[in-house]
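I wanted to look up the pockets of this model and to note what lines each of them. My entries follow the structure itself.

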Amino acid sequence: YSMLKIIERFNYKNSDLIITQSEESKSYISKIFPKKNINVFYNVPRSNFHEKTLNKNANLNLIYAGLLGHAQNLLETCKMIDFDNSNIIFKIYGEGSQKKEIINYIKENNISNIKINDFITRESLNRTLMESDIGLVQLKKKIHGALPSKLFHYLNYNLPILYIGEGEAADIIKDNSYGWTFKNNDYDGVNKLINNLNTDRAPLSICMTNIKNNFKLKFNYDLQYQNFSSKIKL
């Protein structure tokens, strides 16, 4: 670890331009080298925004696509969300160290509301996002500077976000009213939200309108690139 810290400082010290994917990382590096040219380039999609209408069907579709590891700890979420008393269908796509445990938990408890799948192509995933109502982003173990890129991917498909965890992703969602954020162990709050959405879809509609109105204005790839280009000193 000490050797890695030396390499880290060497790299920062000898860089003319530093690019990070989060403000949290920028702040960390700035404290070490306050005079360095450090820029944030969010990992935002280059594709067009995909607008959709509010789902008025009986069931709501919650989607998670990504790693199924211990940092995400999706197993705990499967156990703690009250699927028996909700009309939420939870679709999971991905691979990771917890996948077998999640599959076993679903089978042992005969839970029909959770559907777990392998990784699918980007095209298939995008079609699934268009059919979904809420995107789950979860980082149960805080990783300093981490900003899950799936957050921007979901938002580009007009998906309100259910975020469990802390960090910059939670701040982006709260500051822009893109969805709902909960601390790592606040499953009472998560279940209360789901129960409310069972009977009242208005909060979903409000989030979708907020995403439609300002996501591409604030997190636009071309704008990101222009800001980045303007700070390159030739």
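I began with the second largest pocket, whose lining residues divide into three nonpolar, three polar and three charged; here Ala, Val, Leu, Ile, Met, Phe, Trp, Tyr, Cys and Pro count as nonpolar, Asp, Glu, Lys and Arg as charged, and the others, Gly among them, as polar. A pocket is an open set of points on a 1 Å grid over the protein atoms alone, where a 1.4 Å probe fits, with protein on both sides within 12 Å along at least five of seven lines, and its lining residues have an atom within 4 Å of a point.

I noted that the model is predicted, so that local features need pLDDT of at least 70 and side-chain atom pairs count only at pLDDT 80 or more, while totals for chains, interfaces and linings use all residues. Residues are numbered from 1 along each chain as its sequence is written, and side-chain values use heavy atoms, with hydrogens and water left out.

For the second largest pocket I read the lining as Glu23, Lys26, Asn39, Val40, Tyr42, Gln224, Asn227, Phe228 and Lys231. Helix H10 (221-230) gives the largest share, three residues, with helices (H or I, at least four residues) and strands (E, at least two) taken as DSSP runs numbered from the N terminus.

I then turned to the largest pocket, which is lined by 28 residues, with Ala65, Arg122, Ser149, Lys150 and His153 nearest its centre. Its lining has 17 nonpolar, nine polar and two charged residues, and H6 gives the most, with four residues.
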